[in-house]
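Here is a short briefing on the structure shown below. Keep the sequence and the model side by side as you read.

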Amino acid sequence: MEDILRNGFAEQLLENSPYGFCIVHLELDSSGSPKDFQIVYANKAFAEIEGSAYDSFLNKNFCEIFPSIGEQYKQIFYESAYMNKVCETRCHAASKEKYLNVVSYPLSKGICGCIVRDISNNMRNELEQKAVIEEALMQARKASKAKSDFLSNMSHDIRTPMNAIIGFAAIAAGHIDKKDKVKDCLTKIMASSNHLLALINDVLDMSRIESGKINIHEQEVNLSELMHDFMNIIQPQIADKHQELYIDTMDVIHEDVYADIQHLERVLINIAGNAIKYTDTGGTISVRIREVHSDIAGMGKYIFSIKDTGVGMSEDFLPHVFEVFERERNSTISKIEGTGLGLPIAKNIVEIMGGTICVKSRKNKGSEFVITLPLRLQEKHSNGESVEKLFGLRAMIIDDDFNVCDSVSKMLSKIGMEPEWTLSGKEAVLKAQQAKETGRSFYAYIVDWKVPDMDGVEIIKRLRIIEGDETPIYVLTAYDYSDIEEEAKAAGVTAFWQKPLFLSSLRSVLLQTCTRSEETEPEPVFKEEKLFTGKKILLVEDNELNREIATEILMESGFEIDKAENGSIALEKIQNSKPGDYDLVLMDIQMPVMDGYEAAIAIRNISDKQLSAIPILAMTANAFDEDKQKAINSGMNGHISKPIEIEKLFDTLKVTLI
Amino acid sequence: MTVEECYNALKGDYSQARARLHSDNIIKKFMLKFPGQCGYDKLSQAMDEKDYKEAFVASHTLKGVCMNLSFTMLEKSSSKLTEALRDGYSDEVPGLYAQVQDDYRQTIEAIDGLQ
């Protein structure tokens, strides 16, 4: 024991300790206050903690080299070296990034010992936490202030129309016999009432959304109808401000979906309303609806974008644009009415529907809002097929909006026509003339009513001179065409489309007014009987009479039928068949031995990939969703309802077999 | 009796049946098979034995055949019975079954007149 203590272990203890130790000699000045100190001994750990600074201060006057840090230490060293106290403090190390915990204790008069620990990590964590709490506190204060501001703004916004209502009611009462005066007052009262109601609705909506009470009711929606309704609502606002509206569709194949019409329209009208509001007279509003590829079967993915050339928003404000009660603070905006709730409501609705909304904007250049929404597809078969009668025919599109030329060209190509486009009326007339002379005339023309270099009527008249009266000339316009209808028809227009143009309307109007002669019509490949002649169906149904009736109906339409009484026999027949023996299985559900679902699952598990992939349709008596879902879950391709109607079968088959 | 007259007697939808099966001869062929193969015998046996699970299946089959032939009156009553039997016996079953029996009798009598 004594050996250990005598053999310099005490020194080794200090020297090799993981804690930093040093001995400090503190000098006093003439008035007895601490003047400077030197570090006269330090162990390895201390040197490591201080790093490169260590060599510079060992045995030197510390405060001359590191005055500000020295100041922090002087006091505790004084108290330890001259007042016999043990002190503790925290401060920066001489090597700046580190933070130290320092304990000093008396050794002798003027001399103290020092234990030093590196607490940089702890310090960092503490500082981070403090920053987080401060940030949270600031956010809470901001939100609270925003709410107070909102309440006071709302009070003002509500009081203004309320005062107008009361005021005009009083005036009307005072002039009750003057019909015109009363009428005028009533008109103003109605305007103010509607505005007030809108405000109140916005506030209610906001609180409903925040408490989670908003409900989405899915209905069948046709996107073409939805967009035309939307157009009808925003057109008057646009006309009032003499703004220009560009609207088109791109790649929309599936036009029939399920959606909550009211909420979706609400969002679109809200955002378009903003675009119109914040854009000056003569500005431009562009709306586009685009369908993009969706990874999920049965769901379509749509992008709605609404762009304007208005006042735009500053970079600073952009991150806050969807926050409740936030409106950009500048004199232009404060002149424009608004609750600051429209966008947060729109964002909430879009997100509840499973979509996203984002915005791009530049001050004084304008803004663009982009809404991406997944929507469940209706089962109507897509109408993207080419049309026999129009195959290979040339068509010309005349519109000053390149986007329209592009999207309508794509649609015409899908239909099987050969489109060309031009932004200029004069060029169009020239091209039409050339085409005629080279024997490759255009079959049809699609003209925007407002092309800058030539009046719509003028274009049509000139085209009629070149082409005569038979060639279809269609007008495509963003505006209400009832105004121009008479004039246009007099000039020789065949039919009208209101933008945005959807593939289904394009097809149906083209087909209706198609003037191509019947004799040159090529063999129609899409005649339905020919499409299915010879297709072999395995009919699985347990009741003999039903089986015979179904067989009768199907054979009438050209199918070849084999029968099975239950799922087990059906499975056997498929397993023992060669690929191509059967084209389709029509499977009843309720059957003895093995029911429809079990049979479908078993067929899908057959090892031969071609056999296992055979199309299977369930024959369901009910239209219950759970039955449809069970059919899909068992691996069936779809269902038809009983009793068999041959048209419905064809419709379903076009999706499954072709 | 013509096929159309027969449909009137059993309160079915003749035009719907024609649209589906295209000719009187074919419709007649199936109507004559109806009495033995429509599933009614299984239904009455199951009801006698109080086997309501089987009765449900038989009633469902009967409904299906009626739909195929547009025997609207019998289809409606067998459909109601089917739904009532879906979860087993319930109070309404006897009344609904009695209606099916009546409608079936009327249907069979009408078909008899077709021969």
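**Two crossing helices in chain A**

A:Met411, A:Lys414 and A:Ile415 in α13(A) meet A:Leu503, A:Leu506, A:Arg507 and A:Leu510 in α17(A). Contact here means that the C-beta atoms of two residues, placed from the backbone, lie within 7 Å. This is a predicted model: local features need pLDDT of at least 70, side-chain atom pairs count only at pLDDT 80 or more, and totals for chains, interfaces and linings use all residues. Residues are numbered from 1 along each chain as its sequence is written, while chains are lettered from A and ligands numbered from 1 in the order in which they are written.

- Helix α13 spans residues 402-415 of chain A and helix α17 spans residues 503-512 of chain A. Helices (H or I, at least four residues) and strands (E, at least two) are DSSP runs, numbered from the N terminus.
- The two axes come within 10 Å and cross at roughly 55°. Axes are lines fitted to C-alpha atoms, for helices over the stretch in contact, and angles run from 0 to 180 degrees between N-to-C directions.
- α13(A) and α17(A) are therefore oblique to each other. Angles under 35 degrees count as roughly parallel, over 145 as roughly antiparallel, 65 to 115 as roughly perpendicular and the rest as oblique.
- α13(A) passes α17(A) in a right-handed crossing. Right-handed means that the near helix is turned clockwise from the far one by less than a right angle; left-handed means anticlockwise.

**Chain A overall**

- Chain A holds 24 helices and 24 strands.
- Of its 658 residues, 32% count as buried. A residue is buried if 20 or more other C-beta atoms lie within 10 Å of its own, exposed if 12 or fewer, and partly exposed in between; C-beta atoms are placed from the backbone.
- Take the contacts in chain A between residues at least 6 apart in sequence: 66% join residues at least 24 apart.

**A buried strand, β18(A)**

- Five of the five residues of β18(A), residues 473-477, are buried, so the strand is largely enclosed by the rest of the structure.
- A:Ile473, A:Val475 and A:Thr477 are buried on one side, and A:Tyr474 and A:Leu476 are buried on the other.
- In a regular strand, side chains alternate between the two faces of the sheet.
- β18(A) pairs with β15(A), residues 444-448, in the parallel sense over four bridges. Strands pair if DSSP finds at least two bridges between them.
- β18(A) also runs parallel to β19(A), residues 495-498, and four bridges join them.
- A:Leu476 has A:Asp448 as a bridge partner, and A:Trp497 in β19(A) is also a bridge partner of A:Leu476.

**An open sheet in chain A**

- Five strands form an open sheet with antiparallel pairing, in the order β2-β1-β5-β4-β3.
- β2(A) (34-42) and β3(A) (87-92) stand at the edges, each with a single partner strand, so one side of each is left without a neighbour in the sheet.
- The twist averages 35° from one strand to the next.
- β1(A) (20-28) and β5(A) (111-118) pair in the antiparallel sense over six bridges. A:Cys22 stands opposite A:Cys114 in β5(A).
- Helix α6(A) (67-83) packs on the sheet and touches β1, β2, β3, β4 (99-108) and β5 of chain A. Its direction makes about 30° with that of β4(A).

**Chain B and its contact with chain A**

- The contact takes 17 residues from chain B and 13 residues from chain A.
- α2 (14-21), α3 (24-37) and α5 of chain B each supply at least two residues of the side that touches chain A. α5(B) gives the most, with seven residues.
- The buried residues of α6(B) pack against α5 (52-69) and α7 (93-112) of chain B. Among them are B:Leu74, B:Leu81 and B:Leu85.

**Backbone details**

- Most residues other than glycine have a negative phi, and most peptide bonds are trans.
- The A:Lys499 to A:Pro500 peptide bond is cis, with omega near 0°. A:Pro500 is in the loop between β19 and α17 of chain A.
- A cis peptide bond also joins A:Lys642 and A:Pro643, with omega about -5°.
- A:Val593 is not a glycine, yet has a positive phi of about 70°. A:Val593 counts as exposed, with 12 C-beta neighbours inside 10 Å.
- B:Lys11 has a positive phi near 55°. With 16 C-beta neighbours inside 10 Å, B:Lys11 counts as partly exposed.
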